[in-house]
Amino acid sequence: MRSSQRATNLHPSATLAISATARRMRAEGIDVINFGSGEPDFDTPDHIKDVAIQAIRDGFTRYTATGGIDELKDAVALKLKRDNGLAYTRRQILVSCGGKHSLYNVFQALLDPGDEVIIPAPYWVSFPEMVKLSGGTPVFAHTAEERDFRIDRRLVEPLLTPRTKVLVLNTPCNPTGAALTRTELAGLAALARERDLWIVSDETYEALVYNGHQHLSIAALGEDAYARTLVVSSLSKAYAMTGWRIGYAAGAADVIQAMEGLQSQMTSNPTSIAQRAAAAALAGPQDSTRQMRLEFDCRRHAIVGRLKTMPGIRCLDPQGAFYVFPNVSGLYGRRTASGTRVASSSTFASFLLETARIAVVPGIEFGSDAHIRLSYACSMESIEQGMDRMAAAVAALQ
Ligand code: PLP
């Protein structure tokens, strides 16, 4: 008796696994600082929680329409108009159980076996696995650290074949923090038009941009870009609502309807109560998101500042999201006190966990073995303490 090839070949999420390890160590009484988790440490704002509590009291606890309640679809439409200048009808919007589920639905709806999907690398861990689960083939467009991990049409064009069907964009990017400019997006939109590609634009971190960057959705660049783009986003990061599991996709009505069909056989509707709360989050006051962004920005300065002082480590200034992606390859070849050679992002991450008691994610999981990813969605105190520990551990390498 064996499980399927599909399940066996799947690479489970490394980021979730590292957070689970950190949680387990903490439960065992070990003082671990977790830089692994892509989850804000903030609490969901009270005005959002209140709506959910009221929904329970009102008995709003039954199945809803598979693709989301009208109230939430209207709130999504309002948000996309208000923040992105994009107009969508209810039939063009699907609400799912987190942005992850939205993306899974998108790839399932778009891909046939053998279709190729361009994924900029370093990439968020789930893109390649979701593409493979849909029968597609990931093709990586490797961005260069020297060019701030930016992606433009020159990087993508040589990778296109008659089988290329989808271009994935993730701006701001997890893990690099790179946020694309209008010029870069315009070039990519033109390429998608010339080669008739779908664009999947993951804008989960759009509310968290820094250094004066203005987020722009590629779908807002004109009629053609609008028609071929599926915009995907999530309530998780911008509203500190990771556990509520609400994400959404907007785009061509026929694809959205196909996704809804898939969802009707998988999960049915996302949680009714969470949907009411999500509508309040999107349509209500945005002050708490702005406040969280300011706090993330302070933490970003603090962590980048510290990493830059560590010999052997290079660190760019991320423009968005809440991750730093330092290059640690300058430390490879050195030895730990117990004689182990640091030779890769995985050995370095294990060394940090064992010696410094800090959890980070090896860059290899995102497609670059020269880097590690640290999330600064944790308290300033954790950042200060964690950086002290990391600096001491790195200084002790021989
Ligand atoms: N897209 C990116 C780039 C992410 O980093 C994440 C979460 O880490 C998601 C989508 C999905 O988030 P969720 O499923 O919590 O909405």
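Analyst: Contact means heavy atoms within 4.5 Å. The model discussed here is predicted.

User: What makes H3 and H11 a pair in contact, and which residues of each helix take part?

Analyst: On the H3 side the residues are His47, Ile48, Val51, Ala52, Ala55 and Ile56. They meet Ile273, Arg276, Ala277, Ala280 and Ala281 of H11. By class, this contact holds nine nonpolar residues, one polar and one charged.

User: How is the packing of two helices described?

Analyst: Two numbers are used, the angle between the axes and the distance between them. For H3 (residues 46–57) and H11 (residues 272–283), the angle is about 145 degrees and the axes are 8 Å apart. The crossing of H3 and H11 is right-handed.

User: Why is alanine 280 called buried?

Analyst: Alanine 280 has a relative accessible area of 17%. Buried means under 20%, so alanine 280 is buried. This residue belongs to helix H11. Leaving out residues up to four places away in sequence, alanine 280 touches His47 and Val51.

User: How far apart are alanine 280 and lysine 49 in sequence and in space?

Analyst: They are separated by 231 residues in sequence and by 9.3 Å in space, C-alpha to C-alpha.

User: Is glutamine 286 buried or exposed, and how do you know?

Analyst: Its relative accessibility is 14%. The cut-off for buried is under 20%, so glutamine 286 counts as buried. Glutamine 286 sits in the loop between H11 and helix H12 (287–308). Not counting residues up to four places away in sequence, glutamine 286 touches Arg82, Tyr239 and Ala281.

User: What is omega for the cis peptide bonds at proline 122 and proline 172?

Analyst: For the cis bond joining alanine 121 and proline 122, omega is about 0 degrees. For the cis bond from threonine 171 to proline 172, omega is near -10 degrees. Proline 122 lies in the loop between strand E3 (116–121) and helix H6 (126–133). Proline 172 lies in the loop between strand E5 (164–170) and helix H8 (182–194).

User: How do you know whether the chain agrees with a compact globule?

Analyst: For 398 residues, a compact globule would have a radius of gyration near 21 Å; the chain has 21 Å, so the two agree. Of the residues of the chain, 56% count as buried. Among contacts with a separation of 6 or more, 73% come from residues 24 or more positions apart.

Key
Residues numbered from 1 in each chain as written. Predicted model: local features only at pLDDT ≥ 70, side-chain atom pairs only at ≥ 80, totals over all residues. Heavy atoms only, no water. Axes fitted to C-alpha atoms, helices over the stretch in contact; angles between N-to-C directions. Helix = DSSP H or I, 4+ residues; strand = E, 2+ residues; numbered from the N terminus. Left-handed = near helix turned anticlockwise from the far one by under 90°. Nonpolar A, V, L, I, M, F, W, Y, C, P; charged D, E, K, R; others polar. Rg over C-alpha atoms; globule rule 2.2 N^0.38 Å. Buried < 20%, exposed > 50% of the residue type's maximum accessible area, 1.4 Å probe, protein only.
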